[in-house]
Amino acid sequence: MTFPISRKSRHAVIAALGVTGLVLAGCSSTSSDSGSTTTGAATSAAASEGGRGPITFAMGKNDTDKIIPIIEKWNAEHPDEQVTLSELAGEADAQRETLVQSLQAGNSDYDVMALDVVWTADFAANQWLTPLEGEYAADTSGLLQSTVDSATYNGTLYALPQNTNGQLLFRNTELIPEAPGTWAELEASCSAAQDANKDCLTLQLKQYEGLTVNTVGFMEGWGGSVLDSSGQVTVDSDDSKAGLQALVTAYEDGTISRASTSATEEETNLAFVAGDTAYAINWPYMYTNAAEGETSAVVDKFEVQPLVGKDGVGVSTLGGYNNGINVNSENKATALDFIQFIINEENQTSFAEASFPPVLASIYEDAALVEKFPYLPALKTSLENAAPRPVSPFYPAISKAIQDNAYAALTSGKSVDDATADMKAAIENAAG
């Protein structure tokens, strides 16, 4: 579906989309409502000289409620360069399939595309995105550096970060009053949870993308990586092995709950909000559920902090969207102005108000926002220490290799040496 947005129709459009604010990780999900066509007013108009004119913006439907007010403001100020919203499916795989089919055909259906951060390298490698350099250079000086890194491939910026996300460590202060500074301190504190007959730590170790996210987080938190800066496979390095071993050992000794191998973000959310686990690793959306939920058992009894690793602050995996410009767009100048408009202070503040983590660093220091959303300072630290998922055009194969082997190490007794060796072989095989 395509939505030419007007102020008058905003609330009707939001109602029609049925959007909720729950999915905040920016690692969007899929839906049977796969690709929409873009035959609305924005694309039917002829491109003006100088690459200016109406454009179409494609984004997964889960989060379009945050972008609709921004499109409305843009359209009110740019009557000759209207933006039409093309709503994609809710789940990431279906979104990607729709975009790839259009781009492979050389179409200009979508001028700007909100890309899950892990797609940026893939789309750039396929030469589907306009490099943001030269006449299309964009100022990224005010953005969180980790978000810029996620939009960069082979040293070139190919997209402009729109919003981001990072994991947080939630702690039930009634069970564990003091915040741990390292992983060892967290492990030591688990005795208090056990004495209260509660789980210590719950996180997402079910065999899906959440397992990749947390496995990579442990590897990075122990100084390792899946790929190095040159793209070489380093998943079997000593530090990467140490991170995976810490994860496996914690699951085996009960530091990590047995329920974690069946948990997604929502099961983690339910366990923490119900008071059944002392710690939880999850995305910021859980803060509101814990602080204000009618059924929350931890209202005024929890705190958040960045993840902890081997020697201090841990490494969160980065979520979010990057906005890329279709290399076939006829109105690239308008497209560039629009994606820069999205990251101005007013619009990024609106993201923060909607619990949609912004990429503009200064927003995290706004006193009024911090008072309203006390997790912001911790989230900023998390984001400053975050790492993008492996930047590679072969990311889906990398994720599968990590999931398959980490799950086997956790649940089937596969050794960490064998698991990381098999991860490396599968990743190198995928890269050809």
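The model is predicted, so local features need pLDDT of at least 70 and side-chain atom pairs count only at pLDDT 80 or more, whereas totals for chains, interfaces and linings use all residues. Residues are numbered from 1 along each chain as its sequence is written, and side-chain values use heavy atoms, with hydrogens and water left out.

Helices (H or I, at least four residues) and strands (E, at least two) are DSSP runs numbered from the N terminus. H16 covers residues 395–411, and its 17 residues should span 24 Å at 1.5 Å a residue, in agreement with end C-alpha atoms 24 Å apart; the expected span is 1.5 Å times one less than the number of residues. Just after H16, Gly 413 has a positive phi of about 80 degrees.

A nonpolar core is a set of buried Ala, Val, Leu, Ile, Met, Phe, Trp, Tyr and Cys residues joined through side-chain atoms within 4.5 Å. The largest core has 59 residues, of which Phe 57, Ile 67, Leu 132 and Phe 170 touch the most other members. Helix H12 (residues 332–342) contributes the largest share of this core, six residues. The core lies between domain 1 (55–165 + 320–387) and domain 2 (166–317 + 388–431), because both give residues to it; the bounds come from an automatic or database domain assignment. A second, separate core of 42 residues includes Val 233, Val 235, Val 248 and Leu 410.

With a salt bridge defined as a side-chain nitrogen of Lys or Arg within 4 Å of a carboxyl oxygen of Asp or Glu, the count is 17. Arg 389 pairs with Glu 209, their closest N and O atoms being 2.8 Å apart. This pair links distant parts of the chain, 180 residues apart: Arg 389 is in the loop between helix H15 (376–384) and H16, and Glu 209 is in helix H8. Arg 389 is buried at 4% relative accessibility, while Glu 209 is partly exposed at 22%. Lys 241 and Asp 417 also form a salt bridge (3.4 Å, N to O). Lys 241 lies in helix H9 and Asp 417 in helix H17, 176 residues apart.

Technical notes: Buried < 20%, exposed > 50% of the residue type's maximum accessible area, 1.4 Å probe, protein only.
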